[in-house]
Amino acid sequence: MAAPGKNMRVNADRLWDSLMDMATIGPGVAGGNNRQTLTDADAEGRSLFQRWCEAAGMTLAVDKMGTMFFTRPGTDPDALPVYIGSHLDTQPTGGKFDGVLGVLSGLEVVRSMNDLGIKTKHPIVVTNWTNEEGARFAPPMLASGVFAGALTLDYAYSRKDPGGKTFGDELKRIGWVGDEEVGARKMHAYFEYHIEQGPILEIENKQIGVVTHCQGFWWLEFTLTGREAHTGSTPMAHRVNAGLAMSRIIEMVQAVAMDNQPGAVGGVGQVFFTPNSRNVLPGKVVFTVDIRSPDKAKLDGMRARIEAEAPKICEALGVGCSIEAVGHYAPVAFDPKLVATVRKAAEDLGYSHMDIVSGAGHDACWAAKVAPTTMIFCPCVGGLSHNEAEEISKDWASAGADVLLHAVIETAGIVE
């Protein structure tokens, strides 16, 4: 088997046009996207992706979590496939590139291989995982978590969105319940291409991030119980203020993260007040603490300290406190051989690059539990993501897709 030619490139214009076409589905209010999982917009995006993949000669299979697998055959029917994957779902106020870049770059890899008449020993499978974001149904990376055996199908189907609708019912409603058993597939290798979602590559003026590790995380959902009371007529000394307890817990989380520098982060991005009225102290506050680190001991130590200190804060204010872990995965080290393959592809193509640790979670983190896995990053402007202002350049997008093309062909085995 020959090595891929160093002059091979994807079609940058075609990749960019695909990104822009997908971005018209589920538009946001400020230039980004709101294509949350299992919505009508998600179904529309899936159908467009299906048309594109089938036009490129791939065949579709769908598992019981609604994950889409498109296969380009290899020359060896017994060879395990090389997978390229990410997600098409977005945050409620998401950007046009988070996840989508990886899925459509996988399609572009196949399109470019078709253009160049390239055959590989191993099949290529382009994957759209269901519910990576976890914005509507927690936890994130839900379908890949079931695929890896870390979560059960029944657990996933029972997840509820803020309106009380279950994952299983909504998957059925949009018509994307497949018949393939989740996790039945075997992988030769898994690649995921993604925007960095942080500022490091742009600051360092690097075109390619060679991802060596991914941070682990804990999502801790707090339910604080106070007493609803009028904000104007209730004396300060007679309040049971769940909102105040929440604010002190958030300050404590900040202190815990700062005490564990470097290599640790923590914060709160979602809060629900009940009754959420301007002049009523909340009777209940529900919020989620997100803590992350690539160091397992540090990550678990942060969780232990937060869970020990939060009840003391609440007790001092007379507020009830319960804590539930609603999302978790351990830190991940990606496959050294695949990492080296990505690094060599960047070098062969003449792209500036650096090793980097992913601060965000990705489906690759679960895929790494069942197959050799790695990731490729491209920069994003200002490191901004999970925001409608998320932006990358066409050149950044195509550079990473070029590296993906070469790494995938090298791993799948080009056939003369």
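**Entry 1: cis prolines**

I looked up Pro 262 and found it in the loop between helix 8 (242-259) and strand 10 (265-274). I took helices (H or I, at least four residues) and strands (E, at least two) as DSSP runs, numbered from the N terminus. The bond joining Gln 261 and Pro 262 is a cis peptide bond, with omega about -5°. The model is predicted, and local features need pLDDT of at least 70, side-chain atom pairs pLDDT 80 or more, while totals for chains, interfaces and linings use all residues. Residues are numbered from 1 along each chain as its sequence is written, and side-chain values use heavy atoms, with hydrogens and water left out.

I also noted a cis peptide bond between Ala 138 and Pro 139, where omega is about 5°. Pro 139 sits in the loop between strand 5 (124-128) and helix 4 (142-147).

**Entry 2: domains**

I read off domain 1 as 12-215 + 331-412 and domain 2 as 217-329; such bounds come from an automatic or database domain assignment. The centres of the two domains, taken over C-alpha atoms, are 33 Å apart. Domain 1 brings 16 residues to the contact and domain 2 brings 14 residues, contact meaning heavy atoms within 4.5 Å.

The area buried between domain 1 and domain 2 is about 1100 Å², and carbon and sulfur atoms give 68% of that. Buried area here is the accessible area (1.4 Å probe) that two parts lose on being put together, summed over both. Which three residues supply 51% of the area that domain 1 buries against domain 2? They are Pro 140, Gln 215 and Pro 331.

I sorted the residues on the side of domain 1 that touches domain 2 into 11 nonpolar, 4 polar and 1 charged. For this, Ala, Val, Leu, Ile, Met, Phe, Trp, Tyr, Cys and Pro count as nonpolar, Asp, Glu, Lys and Arg as charged, and the others, Gly among them, as polar.

**Entry 3: aromatic pairs**

I counted 13 aromatic pairs. Rings of Phe, Tyr and Trp (its six-membered ring) pair if their centres lie within 6.5 Å; planes under 30 degrees apart are stacked, over 60 edge-to-face, the rest tilted. Tyr 157 and Phe 167 have ring centres 6.3 Å apart and planes at 25°, so this pair is stacked.
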